[in-house]
Amino acid sequence: MTPRRAARAPARRMRERGSRYTSAISEPIVVDASIAFLWFANEPDRSGADELLESDSTLLAPDLMAVEATNAWWKKLRRHEMERADVEQAITNLLALGIAWTPSAMLLPSAARLAVELGHPVYDCLYLALAVSHAAPIATADKRLQQAAGRIGIRVKT
């Protein structure tokens with residue numbers, strides 16, 4: 001399989017999202033690592049993820065998301081599906097999007113309660129806790145996380 005080049009973030013979003021204090025026109029959306037991974041990994045069937053980059057919504061994520069996405073790109077590198085430079089560019093692009101990062105430690109108490117209630121991993125519940133705290137929908141390609149969100153009434157963007 002020939003390695004593919006990492007997708008570039010739309011310049012408009014990187015310019016407009018340069019400040020974490022940019023006011024949003026529409027509701028905020030919590031994005032998880034499965035979505036961030038799709039933005040820069042050139043995977044098929046990523047139209048929903050790409051639409052988020054074009055939206056005017058403020059993108060929210062726990063800071064763990066950048067680590068999870070980078071780990072997924074690293075796995076693609078190990079399988080020779082991405083080049084090292086592509087991984088580095090994907091990280092640069094992700095950090096340039098102006099995502100409003102929330103420290104995971106701030107979300108842990110709520111995430112732990114949700115993990116116990118749902119029987120779902122704490123790291124995924126960080127995204128759910130953030131969505132609950134902002135009354136925001138969540139964008140994820142992870143079916144189990146979509147189901148967990150639905151169980152507690154969080155809207156899912158696909």
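Is Ala135 buried or exposed? Ala135 is exposed in this predicted model, with a relative accessible area of 65%.

**Nonpolar core**
- The largest nonpolar core holds 47 residues. Val31, Trp39, Met65, Trp73, Leu94 and Leu128 have the most contacts inside it.
- Helix H2, residues 33–41, gives this core its largest share, eight residues.
- Beyond its neighbours within four places in sequence, Val31 is in contact with Trp39, Leu52, Leu59, Leu60, Ala61, Met65, Tyr127 and Ala139. Two of these partners, Trp39 and Met65, are also among the residues with the most contacts inside the core.
- In soluble globular proteins, nonpolar side chains tend to be buried together.

**Helix H2**
- H2 is mostly covered, with eight of its nine residues buried.
- The buried set consists of Ala33, Ile35, Ala36, Phe37, Leu38, Trp39, Phe40 and Ala41.
- After H2 comes Asn42, which has a positive phi near 55°.

**Aromatic cluster**
- The model has two aromatic pairs.
- Trp39 and Phe40 make an edge-to-face pair, with ring centres 6.3 Å apart and 70° between the planes. This pair counts as edge-to-face because its plane angle is over 60 degrees.
- Phe40 also forms an edge-to-face pair with Trp73, at 6.1 Å centre to centre and 65° between the planes.
- The pair of Phe40 and Trp73 links distant parts of the chain: Phe40 belongs to helix H2 and Trp73 to helix H4, 33 residues apart.
- Trp39, Phe40 and Trp73 together form one aromatic cluster.
- Trp39 has a relative accessible area of 0%, so it is classed as buried. Phe40 is likewise buried, at 0%, and Trp73 is buried with a value of 0%.

**Second largest pocket**
- The second largest pocket contains about 180 Å³ of space.
- Its lining is made up of Ala33, Ser34, Phe37, Leu38, Glu68, Asn71, Ala72, Lys75 and Ala141.
- H2 and helix H4 (64–78) each supply at least two of the lining residues.
- By class, the lining has five nonpolar, two polar and two charged residues.
- Ala33, Phe37 and Leu38 line this pocket and are also listed among the buried residues of H2.

**Loop positions**
- Leu97 sits in the loop between helix H5 (84–96) and strand E3 (100–102). Its relative accessible area is 1%, so Leu97 is buried.
- The C-alpha atoms of Leu97 and Leu53 are 8.5 Å apart, although the two residues are separated by 44 residues along the chain.
- His80 is located in the loop between H4 and H5. It is not a glycine, yet its phi is positive, at about 65°. His80 is exposed, with a relative accessible area of 59%.
- Ala135 lies in the loop between helix H7 (122–134) and strand E4 (138–139). Ala135 also has a positive phi, about 50°, without being a glycine. Its relative accessible area of 65% is over 50%, which means that it counts as exposed.
- Most residues other than glycine have a negative phi.

Technical notes
Residues numbered from 1 in each chain as written. Predicted model: local features only at pLDDT ≥ 70, side-chain atom pairs only at ≥ 80, totals over all residues. Heavy atoms only, no water. Core = buried A, V, L, I, M, F, W, Y, C linked by side-chain atoms within 4.5 Å. Buried < 20%, exposed > 50% of the residue type's maximum accessible area, 1.4 Å probe, protein only. Helix = DSSP H or I, 4+ residues; strand = E, 2+ residues; numbered from the N terminus. Contact = heavy atoms within 4.5 Å. 1 Å grid on protein atoms, 1.4 Å probe; cavity = no way out; pocket = protein on both sides within 12 Å on 5 of 7 lines; lining within 4 Å. Points joined across faces, edges and corners; volume = space filled by probe spheres on them. Nonpolar A, V, L, I, M, F, W, Y, C, P; charged D, E, K, R; others polar. Phe/Tyr/Trp six-rings, centres within 6.5 Å; stacked < 30°, edge-to-face > 60°.
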